[in-house]
Amino acid sequence: MFHDAGKTPLIKLLAVFIAVGLFAYPCSASEPVPVTGDALFLGYDPDADAGENISGAICFDDHQCILVADEMLAIQKISLFAADAMPTYQAGPTFGQFFGDHCTDISRKKACDEVDLEAIARNGRYVLVTGSMGNKRKSGKRAKERWFLAQFLLNTNGKPHQGSLQAQSKRGLLKQLFGKHSILQPYLEKPLQCGGLNIEGLATLGDQIFFGLRSPSGRDEGQAYVVQSPDSILTAPTKQQVEPTHLHVLNFKASDGKPLPHVGIRSLETLGNRLLIVTADAGVSKPGSRKRRDDMIARCASVPEGKNLENIAGDAPLTPRLWIWDPAKGNDPVEIAHLEDLYSDEKLEGIAVLGNPPSDAETVDLLLVIDGQKDVPPLALLRGVPVPP
């Protein structure tokens with residue numbers, strides 16, 4: 001069944017099928033193929049709407065995938081049937097209660113920390129998840145529980161390995177990842193509307209963790225930031241034992257060579273020794289009332305130009321774009337695809353490479369994760385994405 005059949009009429013789903021050419025295979029890199037299946041995150045507090053707020057995915061070689069949502073501690077395994085002409089998935093177990101005191105009852109929102117899971121990554125069979133480490137979007141208030149980073153081992157039977165959980169939730173310690181960089185320091189624990197820190201991308205390469213920032217960003221210069229950290233952050237006991245991090249300033253350019261303004265990173269994924277990057281708007285919605293606006297301006301007082309709330313999204317959202325980047329070379333990312341038609345104004349929040357493509361693969365297939373869907377299901381496939389050498 002379609003994940004939200006009660007809210008999305010069948011005719012909308014049929015419109016999606018028609019828009020992508022009835023699933024011609026292989027399709028171009030700009031034509032996602034919808035993936036349908038069971039309702040996601042059943043058993044979670046319905047007020048959390050976790051099934052409508054999917055924010056990331058990883059997939060293993062056998063097409064067993066793990067999804068996260070940015071409500072509660074929402075983590076779920078699915079089985080993906082990607083080879084079918086009309087691909088589907090089957091919902092599997094949820095892992096929220098594996099986090100112990102952080103989540104004791106998935107049926108009650110107050111029993112799970114609101115860590116705002118915005119990204120997921122993997123290293124072999126290890127699964128890594130991160131909170132946004134940002135303030136609340138609507139109110140602009142601080143949210144200490146969102147300073148959250150955790151890793152666990154997934155057994156070959158698809159279940160978390162008991163005793164493998166490492167959870168780092170010391171806010172002062174995690175702030176060391178970003179606070180040592182002068183570009184980022186003013187934006188820690190500030191509202192998103194004035195460029196406050198917000199993580200939406202996560203990837204691993206060896207013993208290094210890469211955090212992709214939606215915000216802050218160099219809005220006028222077409223710049224976005226990636227922070228690279230040793231994975232020792234997961235077990236560092238004190239702030240003094242946090243190893244130094246490296247800040248990557250990435251330049252994103254439009255097809256005419258000009259900077260792509262207002263761009264932020266929405267997802268990262270490992271491909272060999274390189275990273276795939278999803279970009280879209282860095283900005284967020286404006287405050288819902290004059291009182292909230294005034295409150296945010298007060299919270300932004302120490303941010304450069306913070307009183308202007310410059311990180312407000314415009315009327316026309318940026319098209320989701322996919323790039324490839326080599327951290328070792330330090331060059332600018334290269335665009336390899338962008339979304340069109342019904343997906344051009346959807347929120348692409350996560351990608352996962354399917355299968356085990358060789359290092360010299362000329363194309364890859366990706367699972368796409370759509371957050372807060374309008375007219376499409378939360379999952380889609382993007383087949384035959386070209387990979388430059």
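This is a predicted model: local features need pLDDT of at least 70, side-chain atom pairs count only at pLDDT 80 or more; totals for chains, interfaces and linings use all residues.

Me: How do you know whether Thr130 is buried or exposed?

Reply: Compare its value with the cut-off. Buried means under 20% relative accessible area. Thr130 has 0%, so Thr130 is buried.

Me: Which residues does Thr130 touch, not counting residues up to four places away in sequence?

Reply: Thr130 touches Asp116, Leu117, Glu118, Ala119, Phe148, Leu149, Ile199, Leu202 and Phe211. Two of these names, Phe148 and Leu149, will come back below.

Me: What makes Pro261 partly exposed?

Reply: Here the value falls between two cut-offs: buried is under 20% and exposed is over 50%. Pro261 is at 35%, so Pro261 counts as partly exposed. The place of Pro261 is in the loop between strand E13 (246–251) and strand E14 (263–271). Leaving aside neighbours within four places in sequence, Pro261 is in contact with Arg219 and Leu318.

Me: How far apart are Pro261 and Pro46?

Reply: In sequence they are 215 residues apart, and in space 37 Å, C-alpha to C-alpha.

Me: Let's turn to rings. How many aromatic pairs does the structure hold?

Reply: The structure holds 9 aromatic pairs. One of them is formed by Phe99 and Phe148, with ring centres 6.2 Å apart and planes at 55 degrees.

Me: Why is the pair of Phe99 and Phe148 called tilted?

Reply: Take it in two steps. Rings pair if their centres lie within 6.5 Å, and 6.2 Å meets that limit. Planes under 30 degrees apart count as stacked and over 60 as edge-to-face, so 55 degrees leaves this pair as tilted. The pair links distant parts of the chain, 49 residues apart. Phe99 is in the loop between strand E5 (88–94) and strand E6 (117–123), while Phe148 is in the loop between strand E7 (126–131) and strand E8 (149–153).

Me: What makes the pair of Trp147 and Phe178 edge-to-face?

Reply: The centres are 6.4 Å apart, which is within 6.5 Å, and the angle between the planes is 65 degrees, which is over 60; therefore the pair is edge-to-face. Trp147 lies in the loop between E7 and E8 and Phe178 in helix H3 (residues 176–179), so the pair ties together parts that are 31 residues apart in sequence. Trp147 counts as buried because its relative accessibility is 1%, and Phe178 counts as buried because its value is 0%.

Me: Which residues form one aromatic cluster?

Reply: They are Phe95, Phe98, Phe99, Phe148 and Phe152.

Me: What makes Arg125 count as lying over the face of Phe60?

Reply: One test is distance: CZ of Arg must be within 6 Å of the ring centre. Arg125 is at 4.3 Å, which meets that test. A second test asks that CZ be within 35 degrees of the ring normal.

Me: Why are E6 and E9 called edge strands?

Reply: Start with the sheet, in which 4 strands run in the order E6-E7-E8-E9, with antiparallel pairing. E6 and strand E9 (166–168) each pair on one side only, and these are the edge strands. The twist averages 15 degrees from one strand to the next.

Me: How do you know that E8 and E9 pair?

Reply: Pairing needs at least two bridges. E8 and E9 are joined by 3 bridges, so they pass. At one of these places, the bridge partner of Leu149 in E9 is Gln168.

Me: What makes E4 and E5 a pair?

Reply: The at least two rule settles this too. Strand E4 (residues 75–81) and E5 share 5 bridges in the antiparallel sense, so they count as paired. Gln76 stands opposite Thr94 in E5. These strands belong to an open sheet of 8 strands, in the order E2-E3-E4-E5-E1-E20-E19-E18, with mixed pairing.

How values were computed. Residues are numbered from 1 along each chain as its sequence is written. Side-chain values use heavy atoms; hydrogens and water are left out. Rings of Phe, Tyr and Trp (its six-membered ring) pair if their centres lie within 6.5 Å; planes under 30 degrees apart count as stacked, over 60 as edge-to-face and the rest as tilted. Helices (H or I, at least four residues) and strands (E, at least two) are DSSP runs, numbered from the N terminus. Buried means under 20% relative accessible area, exposed over 50%, partly exposed in between (1.4 Å probe, protein chains only). Axes are lines fitted to C-alpha atoms, for helices over the stretch in contact, and angles run from 0 to 180 degrees between N-to-C directions. Contact means heavy atoms within 4.5 Å.
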